[in-house]
Amino acid sequence: MNNSNHLVNSDNVGYAAYLFEQDKNRGHLPGEGPYVAAFASSNLGDVSPNILGPHCINTGESCDNANSSCPIGGPEMCMASGPGQDMLESTQMIGHLLYERAKELYASASQEVTGSLASAHQWVNMSDVTVWLNSTHTVKTCKPALGYSFAAGTIDGVGGLNFSQGTMEEDPFWKMIRDQLLGIPSEEIKECHKPKPILLHTGELSKPHPWHPDIIDVQILTLGSLSIAAIPGEFTTMSGRRLREAVEAEFTSNGMKNMTVVISGLCNVYTHYITTYEEYQAQRYEAASTIYGPHTLSAYIQLFKVLAKAIATDTVGNLSSGPEPPYFKQLIIPLIPNIVDRAPIGTTFGDVLQPLKQIYRVGEVAEVTFVGANPKHSAENQTYSTFLTVEKYEATSETWQVVTNDASWETRPWWQWLNAGTVLSNDLGSRFSCRK
């Protein structure tokens, strides 16, 4: 689901989890059965389900180049697509393949994970890690910063303002805007992040709160021969491979052989992306979003090797807990204030503005529009567990039975502001469609 989707619904792995749970929770509505299927994130930083690759949406030609840019229209015209007719169909197709493969693995699993449970955790000031490249040479991580290619977005979701991936030079216009609004980045942070041209020097911005974290988590959990590295960000494919191999080798050299190391991504705190040193030099989106500089991956590998050794040698208790992160008592005030709901003039809540038809053919979309309150105001409402249900009348029992809810793939709710007469108010209309 790319960034033009304004509904709250799952992507392909969420759809795979949905299918698996429906298979295991027969007779239950989505989200209400006892079986939970978790399709967890690993090192997914440069992984895309848009398998047809990037093409210029205005001409159809390929834009698989370093800048993901089209001859006519530039980078905003370069978009990748999945196998379906639209992103909803692509999400279903890819998700279904994941579900089918997961069922095969689930049915054929033969090795039971047994053994003792252990864990190691540290807080680390990631903006000031000394990394040993070899026995004589060291480098440092950097205060956080985002590069120009961060604003370009990716071929899965293009950014605005005509930024391009692979940008290696500052733009005079955006440099002037940044310097006037946020101040001038220090020479230290610019030098540390090279070859990244800095768009936002977030590590030097602290109002109303720090824009990026300095103190982050590193953590490993082991259960028998399984080791889970909890990563606070999105590792690329090669970054994840290098980390897994390094952690496995560290376990082996300290007496824990045949460990299976897996990565659990986006854990504990979010620090954007982590590329390899080589990927960083190209400064595409993921590299521009590697906020602690070109040696970020090397720092993580060094830190996780320390955790692995502590677990293998039973010396976790000797590890320093590290510098604890700041605790913010008052977070940013919501940008959208809560406003009392009012029904449009001449209506009341629950009024049907567009009724259902009496008869539908198989495959048709049933759609109804009614006057409803802002769903944001229902977040703490414990009376109902869903925003909507679709119910079927059972003649034999003379009762209505719920057949789908708002978590069902077949249902799609929209909410939109309505213009009540000449006064633009905060009135809401709710539109709901269902395909079965």
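Let me begin with a definition: on a 1 Å grid over the protein atoms alone, a cavity is a set of points where a 1.4 Å probe fits but cannot get out, and lining residues have an atom within 4 Å of a point. Grid points are joined across faces, edges and corners, and a volume is the space filled by probe spheres set on the points.

Before the values, the basis. This is a predicted model, where local features need pLDDT of at least 70 and side-chain atom pairs count only at pLDDT 80 or more, while totals for chains, interfaces and linings use all residues. Residues are numbered from 1 along each chain as its sequence is written, and side-chain values use heavy atoms, with hydrogens and water left out.

Now the cavity. The structure holds one cavity of 30 Å³ or more, and the volume of the largest cavity is about 50 Å³. Its lining includes N67, S68, P75 and C78, and also A152, G153, T154 and I155. By class, that lining has six nonpolar, six polar and no charged residues. Here Ala, Val, Leu, Ile, Met, Phe, Trp, Tyr, Cys and Pro count as nonpolar, Asp, Glu, Lys and Arg as charged, and the others, Gly among them, as polar.

Next, the overall picture. The protein has nine helices and 20 strands; these are DSSP runs, H or I of at least four residues for helices and E of at least two for strands, numbered from the N terminus. Along the principal axes, the C-alpha atoms fill a box of roughly 80 × 60 × 50 Å. Of the 436 residues, 38% are buried, where buried means under 20% relative accessible area, exposed over 50%, and partly exposed in between, with a 1.4 Å probe and protein chains only. With contact meaning heavy atoms within 4.5 Å, 65% of the contacts between residues at least 6 apart in sequence join residues at least 24 apart.

Is T296 buried or exposed? T296 is buried, because its relative accessible area is 1%. T296 belongs to helix α9, residues 296–312. Its side chain reaches the backbone oxygen of Y292 at 3.4 Å. Leaving aside residues up to four places away in sequence, T296 touches M126, I274 and T290.

S253, in helix α6, residues 237–253, counts as exposed because its relative accessibility is 55%. The side chains of S253 and N254 make a polar contact at 3.3 Å; that term means a pair of N or O atoms within 3.5 Å, where within protein one must be able to donate a hydrogen and the other to accept it, and residues adjacent in sequence count only if both atoms are side-chain atoms. S253 and K309 are 56 residues apart along the chain, and their C-alpha atoms are separated by 8.6 Å.

Last, the backbone. Which peptide bond is cis with omega near 10°? That is the bond from K194 to P195, and P195 is in the loop between α5 (187–193) and β9 (198–200). The bond from K207 to P208 is cis too, with omega near -5°, and P208 lies in the loop between β9 and β10 (215–223).

N268 has a positive phi, near 70°, and sits in the loop between β13 (260–264) and β14 (273–274). For D314, phi is near 55°. D314 is in the loop between α9 and β15 (352–354) and counts as exposed because its relative accessibility is 72%.

How values were computed: On a 1 Å grid over the protein atoms alone, a cavity is a set of points where a 1.4 Å probe fits but cannot get out, and a pocket is an open set with protein on both sides within 12 Å along at least five of seven lines; lining residues have an atom within 4 Å of a point.
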